[in-house]
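This briefing concerns aromatic rings and the charges placed over them. A pair of aromatic rings is described by the distance of the centres and the angle of the planes.

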Amino acid sequence: MIDILVYLFANYHDFNARPKTKTLKRKLSAVGFKDEAISVALRWLDGLKATAVVDLPASHRALRVYLAPEQQKLGLDGLGFLAFLEAANLITPALRELVIERAMILDDDPVPLAKFKIIVLMVLWSHEQDLEPLVVEELLDAGDSRMLH
């Protein structure tokens, strides 16, 4: 599923410019993705667009307390990454909640950081957020391509 989401991001820079579901299924199948993975990815995207975003006020004094299942599913890496994104003003509290909701439905436990970054990218992309090239590069980085100096 994650590979399909990355493919869609790379090929349809505007979330709303992607083809209708039937056409998209055909194109993804022609590229070589499996039908089951295509269905899962497109359902995930449909859920992303269907989820209402509640406008939460941003406040430096507000504190998000994570439930035990959220802590387990997101893991320390995911929680730390969310904190970083909020501190850097790259996501709003409302988008944070959408990222959490989309991550909670994945099978992974905890969600690997590389997959978590793709979820963040998809949420930002679907809500037409301005994506700086360095932010996109970080979100697409699986972490194993960096050389330590």
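Phe 81 counts as buried, because its relative accessibility is 9% (buried is under 20% relative accessible area, exposed over 50%, partly exposed in between, with a 1.4 Å probe and protein chains only). The model is predicted, so local features need pLDDT of at least 70 and side-chain atom pairs count only at pLDDT 80 or more, while totals for chains, interfaces and linings use all residues. Residues are numbered from 1 along each chain as its sequence is written, and side-chain values use heavy atoms, leaving out hydrogens and water.

**Aromatic pairs**

- The structure contains 4 aromatic pairs (ring centres of Phe, Tyr and Trp, the last by its six-membered ring, within 6.5 Å; planes under 30 degrees apart are stacked, over 60 edge-to-face, the rest tilted).
- Tyr 7 and Phe 33 pair edge-to-face, at 5.6 Å centre to centre and 70° between the planes.
- Tyr 7 belongs to helix H1 (residues 2-11) and Phe 33 to the loop between helix H2 (21-31) and helix H3 (35-50), so their pair ties together parts 26 residues apart in sequence (helices are DSSP runs of H or I, at least four residues, numbered from the N terminus).
- Tyr 7 is partly exposed, at 25% relative accessibility.
- Phe 81 and Phe 84 form a tilted pair, 6.1 Å centre to centre with 35° between the planes.
- Both Phe 81 and Phe 84 lie in helix H4 (residues 68-87), 3 residues apart, about one turn of the helix.
- Phe 84 is partly exposed, at 46% relative accessible area.

**Cluster and charges over rings**

- Phe 9, Phe 15 and Trp 125 make up one aromatic cluster.
- The charged end of Arg 18 sits over the ring of Phe 15, 4.0 Å from its centre (NZ of Lys or CZ of Arg within 6 Å of the ring centre and within 35 degrees of the ring normal).
- Arg 102 lies over the face of Trp 44, 5.3 Å from the ring centre.

Definitions and conventions:
Helix = DSSP H or I, 4+ residues; strand = E, 2+ residues; numbered from the N terminus.
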